[in-house]
Amino acid sequence: MTDLYTDPAALEECVRAVSGRLGTDQPRVAASTLHLGTASRLWSIALACATLTGQVPDLRPDRLWWRLPASGPLDLWLPDLRMVDREPHPALHHTVVVQNLTPLAAAVRRVSGVSPHVLRGNAASALIGAHRVLLAREPHTPFPVVPLVRALLDQPPLAGAGTYRATHTRPLAFQRRSCCLYYRVPGAGTCGDCVLNTKEKTS
């Protein structure tokens, strides 16, 4: 499956499949969950390459292959590996945000009506999650991950999606300004960076 962004039928099929797995009849919840998982896949591979090698893989949509497995988020792979001819920060922004997350968000909005605010928060939250996993496994990467993540969070469209507290080498503490809607899944709660957690503490 390669037309995730441009084929509404393919995207709607994925949303229905995720909806069935989650046990929800709310397409927006399933679509947001699918979007968050897909953003996590993209950030994880790109950020790991950037911080371990200093180079960013070319993730143009026409080069990506996606597959919906029996469980879990979408599988992603590249038939062949090419690198973006830019420095890590602009390369990450271009190949992940501009070429993938922007058209993906537009496609998800068209088929489900999830708000841009939620999708922007998903993209930022996925980036935070990817950098936390990376630091947990490789705390001393050749190219520091925290400055890259801060630069991405300070740049549109992620700027304003949440607030973060900077550290030197430890993971950033992040609080998003939106909710991914996962709490509406039967038996689910809120995520650690959810805006609803802040509201509960101040109410």
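In helix 1, the buried residues are Ala10, Leu11, Cys14, Val15, Val18, Ser19 and Leu22. These buried residues pack against helix 2 (27-53) and helix 3 (88-112). Please keep in mind that this is a predicted model.

**Helix 1 and Arg21**

- Helix 1 covers residues 8-22, which is 15 residues. From its first C-alpha to its last it reaches 21 Å, close to the 21 Å expected at 1.5 Å a residue.
- Arg21 also belongs to helix 1, but it is not among the buried residues: its relative accessibility is 36%, so it counts as partly exposed.
- Which residues does Arg21 touch, not counting those up to four places away in sequence? They are Leu68, Pro69, Ala70, Ser71 and Gly72.

**Helix 3 and Pro90**

- Helix 3, one of the two helices that the buried residues of helix 1 pack against, contains Pro90.
- Pro90 has a relative accessible area of 34% and is therefore partly exposed.
- Pro90 and Arg41 are 49 residues apart in sequence, and their C-alpha atoms are 19 Å apart in space.

**Helix 4 against helix 5**

- Two packed helices are described by the angle between their axes and the distance between the axes.
- Here, the axes of helix 4 (residues 116-137) and helix 5 come within 11 Å and cross at roughly 180 degrees. Because angles over 145 degrees count as roughly antiparallel, helix 4 is roughly antiparallel to helix 5.
- On the helix 4 side, the contact is made by Ala124, Leu127, Ile128, His131, Leu134 and Leu135. Helix 5 contributes Val145, Val146, Val149, Leu152 and Leu153.
- How many nonpolar, polar and charged residues does the contact of helix 4 with helix 5 have? There are ten nonpolar residues, one polar residue and no charged residues.
- Gly129 is found in helix 4 as well, and with a relative accessible area of 30% it is partly exposed. The C-alpha atoms of Gly129 and Cys49 are separated by 16 Å, and the two residues are 80 residues apart along the chain.

**Backbone features in the loops**

- Most residues other than glycine have a negative phi, and most peptide bonds are trans.
- A cis peptide bond joins Pro156 and Pro157, with omega at about 10 degrees. Pro157 sits in the loop between helix 5 (145-153) and strand 3 (162-165).
- Leu181 is not a glycine, yet it has a positive phi of about 80 degrees.
- Leu181 lies in the loop between strand 4 (173-176) and helix 6 (195-202). Is Leu181 buried or exposed? At 7% relative accessibility, it counts as buried, because the cut-off for buried is under 20%.

**Cysteines and disulfides**

- A disulfide is a covalent bond between the sulfur atoms of two cysteines.
- How many disulfides does a search of the whole structure find? The search finds zero.
- Cys191 is in no disulfide, and the nearest cysteine sulfur, that of Cys180, is 3.9 Å away. That separation does not qualify because a disulfide needs the sulfur atoms within 2.5 Å.
- Cys191 is found in the loop between strand 4 and helix 6, and at 28% relative accessibility it counts as partly exposed.
- Leaving aside neighbours within four places in sequence, Cys191 is in contact with Cys180 and Asn197.
- Cys191 and Pro79 are 112 residues apart in sequence and 34 Å apart in space, C-alpha to C-alpha.

Key: Residues are numbered from 1 along each chain as its sequence is written. This is a predicted model: local features need pLDDT of at least 70, side-chain atom pairs count only at pLDDT 80 or more; totals for chains, interfaces and linings use all residues. Side-chain values use heavy atoms; hydrogens and water are left out. Helices (H or I, at least four residues) and strands (E, at least two) are DSSP runs, numbered from the N terminus. Buried means under 20% relative accessible area, exposed over 50%, partly exposed in between (1.4 Å probe, protein chains only). Axes are lines fitted to C-alpha atoms, for helices over the stretch in contact, and angles run from 0 to 180 degrees between N-to-C directions. Angles under 35 degrees count as roughly parallel, over 145 as roughly antiparallel, 65 to 115 as roughly perpendicular and the rest as oblique. Contact means heavy atoms within 4.5 Å. Ala, Val, Leu, Ile, Met, Phe, Trp, Tyr, Cys and Pro count as nonpolar, Asp, Glu, Lys and Arg as charged, and the others, Gly among them, as polar. The expected span of a helix is 1.5 Å times one less than its number of residues.
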